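Hi,

Here is the structure I promised to pass on. Have a look at it first, and then read on for what turned up when I went through it.

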Amino acid sequence: MYPNLEYVETGASHPRDTHLMYVGTILPIGHEWWDDHLPPSDWGCNCSVRPTDKEATEVPQDYGGINPIFANNPAKSAEFVKTEETPYFKHTDKALRDEVAQEGKRLQKEAENNAKETYKGKRGGFVDIVRQQGNEREKNLTTYKALADRGGKYTLLRPSIVEGVKNPDAFNNRTGIFSDAKHPTTAYGKNAMQASIKEAGKQGVEEVVIRLEKDYPSTELYEGIKAALQGNRAKSLEVIILIRKGREPIYLDVQALRKRFSKK
């Protein structure tokens, strides 16, 4: 009854322009285009498809908006991502890949057998807790518990086993984006904000949570954010969450900030 699939627009507040170009594409379920373009098309992508009996459209021009890691059709490959394109695969010695894959399966089974530890916050918030490095784990727990007490829903992520590759600290279950926590201790607020946002941009996360233990002047924090976002820097960022000691978290829309800074 429904021989075709239709590419459906994301519900995200800031859709990727390249993905919007595919919205409305209708092609047969078995069409080769879906082998590379079946959503999700990137980390945090909320695009989807739906079955339809509408007539097929033309194959859209390829604008290069699909992350190679997601140029994959899980229905055919039985893999969520294209494993050989991930940094984990590429940075692993060829002689060790089979061994690493087997160890991954063992760890997955072990994780499934272990009861999940969850911090239950207020207003329905929570933090699903996994093992992270000692000092970093405690800092991250404090940060994400503070957000869970305001209704945030997060899952902490395991650290990367690949040298030189850093995983995001958490996944935001409310928004479907990856989050990283920063805890700067520099002398000046501008440097604290600028360095935190710059590092988050390098990691490619969409959300950065900056928890400050020092009471920096607001003007310094503002200047740091402005400097970090100018020149279209930290392109992946969508949200900055600022937690100042003794105050409620502040949620900043990065796109709105960029527009504000561009007018000055």
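Strand β1 (residues 4-8) pairs with β2 in the antiparallel sense, over three bridges. If you want a spot to start from, find Glu 6: its bridge partner in β2 is Ile 26. These two strands belong to an open sheet of three, in the order β2-β1-β3, with antiparallel pairing. The edges are β2 (26-28) and β3, each of which pairs on one side only. From one strand to the next, the twist averages 35°. As a reminder, strands of a sheet pair through backbone hydrogen bonds, either parallel or antiparallel.

Before you go further, please keep in mind that this is a predicted model. As for the whole protein, there are nine helices and eleven strands. The C-alpha atoms fill a box of roughly 60 × 50 × 40 Å along the principal axes. Of the 264 residues, 41% are buried. If you take the contacts between residues at least 6 apart in sequence, 66% of them join residues at least 24 apart.

Most residues other than glycine have a negative phi, and most peptide bonds are trans.

- Pro 39 and Pro 40 are joined by a cis peptide bond, with omega at about 0°. Pro 40 sits in the loop between α2 (34-37) and β3 (48-52).
- Arg 123 is not a glycine, yet its phi is positive, at about 55°. You'll find Arg 123 in the loop between β4 and β5. Its relative accessibility is 64%, so Arg 123 counts as exposed.
- Asn 232 also has a positive phi, near 60°, in a residue other than glycine. Asn 232 lies in the loop between α8 and β10 (239-244). With 45% relative accessibility, which falls between the 20% and 50% cut-offs, Asn 232 counts as partly exposed.

The strands on either side are β4 (residues 117-120) and β5 (residues 126-129), which pair in the antiparallel sense over four bridges. Lys 120 stands opposite Phe 126 in β5. The hairpin has five residues between the strands, and Arg 123 is the one with the positive phi mentioned above.

How do α7 and α8 meet? The axes of helix α7 (residues 189-203) and helix α8 (residues 218-229) come within 7 Å and cross at roughly 35°. The crossing is right-handed. On the α7 side, the contact is made by Gly 189, Lys 190, Met 193, Gln 194 and Ile 197, while α8 brings in residues including Glu 220, Leu 221, Ile 225 and Leu 229. The residues of this contact divide into seven nonpolar, three polar and three charged.

Leaving aside neighbours within four places in sequence, Thr 155 is in contact with Asp 128, Asp 169, Ala 170, Phe 171 and Asn 173. With Asn 173 there is also a polar contact between the side chains, at 3.0 Å.

That's what I have for now.

Cheers

How values were computed: Residues numbered from 1 in each chain as written. Predicted model: local features only at pLDDT ≥ 70, side-chain atom pairs only at ≥ 80, totals over all residues. Heavy atoms only, no water. Polar contact = N/O pair within 3.5 Å; in protein donor to acceptor, adjacent residues only side chain to side chain. Contact = heavy atoms within 4.5 Å. Pairing = 2+ DSSP bridges. Axes fitted to C-alpha atoms, helices over the stretch in contact; angles between N-to-C directions. Left-handed = near helix turned anticlockwise from the far one by under 90°. Nonpolar A, V, L, I, M, F, W, Y, C, P; charged D, E, K, R; others polar. Buried < 20%, exposed > 50% of the residue type's maximum accessible area, 1.4 Å probe, protein only.
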